[in-house]
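Let us walk through this structure step by step. Keep the sequence and the 3D view side by side.

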Amino acid sequence: MAIPSTKATLKSYCLRALGDGVIDINVSDDQVDDRLDEALQYFAQYHYDGIERMYLKHQITQAELDRALTNATTSVTDKSDSSVSADWLEGKGFIPVPDAVVAVVKVFPLTDTGGGGSLFDVRYQLRLNDLYDFSSVSVMHYRMTMDNLDFLEHILVGETPIRFNQHQNRLYLDMDWQNDMVAGEYLIIECYRKIDPDTYTDIYDDIYLKRYATALIKRQWGQNLSKFNGTAMLGGVTLNGPELFSTAIAEQQKLEEEIRLNYEEPAHMQQG
């Protein structure tokens with residue numbers, strides 16, 4: 001059996017599963033490509049093997065800082081009185097993110113209290129003065145102190161509010177861009193990113209993807225034949241498009257229920 005490793009070989013696999021080579025599959029190449037794209041999109045959206053947890057970093061530029069300090073203006077006119085209008089301003093404090101990113105979970109704190117090695121860092125001083133020998137220092141005391149420092153940072157500094165939608169491909173950072181960020185600093189985000197099947201070709205051989213893509217092509221086949229239901233073919237064969245269509249719909253629904261119950265990642269607060 002040929003193992004699918006490209007979109008073309010996955011297409012051949014699905015068509016063979018439907019009987020290609022023995023009977024004619026009344027689906028055009030473009031329709032098959034559309035159903036495969038739909039299956040890959042659904043796989044990346046709901047299957048945990050279709051995405052990966054990633055940490056991406058971006059170096060802030062001066063041009064981004066300058067843009068973040070400007071506003072986009074939208075003028076709105078009252079529908080009942082055209083002489084009444086109002087201008088609304090929207091900040092441009094966002095950074096474009098790659099198309100493959102589907103969710104942003106968090107932005108790491110833009111502070112120096114994380115133990116970056118600075119001599120003036122609180123955590124560094126704690127380790128230097130108190131943790132010279134773990135045999136004489138209580139680890140529990142160290143853990144309680146770290147938790148207290150984290151709590152104080154959360155209360156006094158807080159986290160950077162973020163907004164993200166994968167169709168916009170923009171990560172909005174609602175912060176004081178003028179004082180909280182300087183050019184050259186790195187921004188690190190925790191996110192979920194779609195896996196590129198053309199790079200990691202093993203995706204094409206995923207058992208669920210093969211079954212789901214076959215069901216979608218079968219649905220398209222049944223939908224095409226429904227227009228010619230009851231037509232007698234050579235040899236006495238009669239086309240039954242509605243039955244084929246309803247069977248494919250049942251298979252699709254079963255597979256979609258399976259992926260949501262068994263393979264879906266937990267919902268993310270910043271899911272786009």
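A salt bridge is a side-chain nitrogen of Lys or Arg within 4 Å of a carboxyl oxygen of Asp or Glu. This is a predicted model, where local features need pLDDT of at least 70, side-chain atom pairs count only at pLDDT 80 or more, and totals for chains, interfaces and linings use all residues. Residues are numbered from 1 along each chain as its sequence is written, and side-chain values use heavy atoms, with hydrogens and water left out.

Start with glutamate 38. Its side chain forms a salt bridge with arginine 35, at 3.0 Å from N to O. (Helices are DSSP runs of H or I with at least four residues, strands are runs of E with at least two, and both are numbered from the N terminus.) Arginine 35 is buried, with a relative accessible area of 14%. Glutamate 38 is partly exposed, at 25%. Buried means under 20% relative accessible area, exposed means over 50%, and partly exposed lies in between (1.4 Å probe, protein chains only).

Glutamate 38 also forms a salt bridge with arginine 219, where the closest N and O atoms are 3.6 Å apart. This pair links distant parts of the chain: arginine 219 lies in helix α7 (residues 207-225), 181 residues from glutamate 38 in helix α2. Arginine 219 is buried, at 14% relative accessibility.

Now look at another pair. Lysine 210 and aspartate 205 meet in a salt bridge through their side chains, at 3.1 Å from N to O. Lysine 210 is buried, at 6%, whereas aspartate 205 is partly exposed, at 24%.
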